[in-house]
Amino acid sequence: MSELCIKVDQLRVIYNQGKSNEVRSLDGVSVEIYSQEYVIIYGPSGCGKSTLLYGISGLQAPTYGDVIVSGKNLAKMTKKEKVQFHQTNVGMVFQAFYLIETLTVLDNVCLPKVFRGESLVERREAAMKLLQRFSIAEQADRFPSQLSGGQKQRVSIARALVNNPEIILADEPVGNLDSESAQNVLDIFKEINEVDKKTLIMVTHNPEHLVYADRVVYMKDGKIIREDINRDKRPAEAAKKDFITAPEDISNELRLLMRTFKNLSLQQVGVLLIPFKAKQLMTHILSELTEDQTSAAENLLKEFLFNNIDEAGFKSRLDLDSEKGGAGWNKLRATSFVDRAQEIIKVADQINKNPEQALLEISDYLISEHHLKLDTEALLRFRAFIKMRLENKVDRFGLQQRLDFSIKLGGAGLYSGTAEKVVRELELMMLLNYSAQ
Ligand code: ADP
Ligand code: MG
């Protein structure tokens, strides 16, 4: 079972405290990281990611709060202990590499070993092994200026690993690399976590990286605002401490339903889902009717989804007075409601029938329904992101993020509110389309 490796407790880092230019770089951050976890710290520039990483590494002293790494409180260490901690417990990788230009590649990698009293031969052997592993042994006698960015970063990873520390901290390690080198470095990190079993914390502002981590910690304005778990490697008690997010979203409720119904056949679940579908579709389309009018309509919607009444019957029953068994709406509203429901159901229906066609239709529908103005690039991304969601390669939050992010950051550039609405509607379609085949 994995153990608590890093505990950051109410960490505050305040620059220029009490002065007019005071900056709360970290404003009460608490996080616990367990051995062998791969955690990404994610957030916009200036939110405090680097400060948190440096706080964990001991390079940044807390203004308030505690950082405990491998059972040691960093603030209580003597200078000597801190130096030793730095050499043996953590390895760091930076965006700007920080290689020493006047030393060869091999000597750069050996550097953290110099103070440990090992012989030159021992040091070089360990370093060469890492250079070989990362396919840069041929560059051993070169100087950093003679290397590509990707090669430099592999040298600095080798340097971070040479003393075999338990923890690797990486601050935007692929921020300066072309996409191929970046991929290579991300693969190396994955391997360091999975094969070498290192606890890995990586800082990034690129949403495409998030899938690599076991856990993603989202930061904003010096605070942690959210955590996502891709794979929970923590012991059960730690996982339990997580706050449960409100079951506002369909997928959560749906997941709950699926769990509740786990002994039933798919066929049965499909039937049991109908009222739930009706309810979701209902609240989606309207919000301004009385409760009675709403619940009568919801019942009709159920009948409609069960195919017990047809479109015309649905419209006329909605319009009918409640005393006569109707929902007491007026004709105009009944017509527009049924048309809208029909439209969503029709588009959702496409999903299983013809995925390619569905992708185009759903995208076009969402674009026109939400009045999206997308240029060619944004349109391609929009469709690609919708496709990822339909194929369940991202969850609703992943989709929302991708839609929300600016074009420059690899997103589709929608306004946050719009991205949220688009996601909600797509989730609804996916729910409507869920059927027992
Ligand atoms: P990130 O890595 O997320 O981009 P940083 O942790 O580098 O953010 O910085 C967080 C905030 O702290 C920023 O507003 C930054 O300007 C400020 N900051 C960082 N270092 C210092 C410093 N030495 N003096 C004053 N402000 C600083
Ligand atoms: Mg930074």
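Good morning, colleagues. The model is predicted, so to speak of local features requires pLDDT of at least 70 and side-chain atom pairs count only at pLDDT 80 or more, while totals for chains, interfaces and linings use all residues. Residues are numbered from 1 along each chain as its sequence is written, chains are lettered from A and ligands numbered from 1 in the order in which they are written, and side-chain values use heavy atoms, with hydrogens and water left out.

Let me begin with strand S7. Helices (H or I, at least four residues) and strands (E, at least two) are DSSP runs, numbered from the N terminus. I shall call a residue buried under 20% relative accessible area, exposed over 50%, and partly exposed in between, with a 1.4 Å probe and protein chains only. Strand S7 covers residues 167-171, and because five of its five residues are buried, the strand is largely enclosed by the rest of the structure. In general, side chains in a regular strand alternate between the two faces of the sheet. Here Ile167, Leu169 and Asp171 point one way from S7, while Ile168 and Ala170 point the other way.

Which strands pair with S7? Strand S6, residues 90-94, is one of them, in the parallel sense over five bridges; strand S8, residues 199-204, also pairs with S7 in the parallel sense over five bridges. Two strands count as paired if DSSP finds at least two bridges between them. Methionine 92 stands opposite leucine 169 in S7, and alanine 170 has methionine 202 in S8 as its bridge partner. From S7 the chain crosses through helix H6, residues 179-194, to S8, in a right-handed β-α-β crossover. Right-handed here means that, with the strands pointing away from the viewer, the path from the first strand over the helix to the second runs clockwise.

I turn next to an open sheet. It is formed by four strands in the order S2-S1-S4-S5, with antiparallel pairing. Its edge strands are S2 (23-34) and S5 (72-73), each of which pairs on one side only. Strand S4, residues 64-69, is joined to S5 by two bridges, and valine 69 stands opposite lysine 72 in S5. Strand S1, residues 4-15, contains leucine 11. Is leucine 11 buried or exposed? Leucine 11 counts as buried, because its relative accessibility is 1%. Its C-alpha atom is separated by 9.3 Å from that of valine 31, which lies 20 residues apart along the chain.

A further residue is lysine 82, in helix H2, residues 79-88. Lysine 82 counts as partly exposed, with 25% relative accessibility. Lysine 82 and serine 57 are 25 residues apart in sequence, and 9.5 Å apart in space from C-alpha to C-alpha.

Strands S9 and S10 form a hairpin with two residues between them, and aspartate 221 in the turn has a positive phi of about 45°, although aspartate 221 is not a glycine. At 59% relative accessibility, aspartate 221 counts as exposed. Six bridges join the antiparallel strands S9 and S10, and valine 216 stands opposite aspartate 228 in S10. The other residue is asparagine 392, in the loop between helix H14 (376-390) and H15. Its phi is positive, near 60°, in a residue other than glycine. Asparagine 392 counts as exposed, at 58% relative accessibility.

Finally, I come to the second largest pocket. On a 1 Å grid over the protein atoms alone, a pocket is an open set of points where a 1.4 Å probe fits, with protein on both sides within 12 Å along at least five of seven lines, and lining residues have an atom within 4 Å of a point. The second largest pocket holds about 550 Å³ of space; a volume is the space filled by probe spheres set on the points, which are joined across faces, edges and corners.

How many residues line the second largest pocket? There are 18, of which Tyr42, Tyr218, Gln401, Asp404 and Phe405 lie nearest its centre. Strand S9 (215-220), strand S10 (223-229), helix H15 (396-404) and helix H16 (416-433) each supply at least two lining residues. H15 gives the most, with four residues. The lining divides into eight nonpolar, six polar and four charged residues. Here Ala, Val, Leu, Ile, Met, Phe, Trp, Tyr, Cys and Pro count as nonpolar, Asp, Glu, Lys and Arg as charged, and the others, Gly among them, as polar. Domain 1 (4-248) and domain 3 (354-433) each provide at least three residues of this lining, the domain bounds coming from an automatic or database domain assignment.
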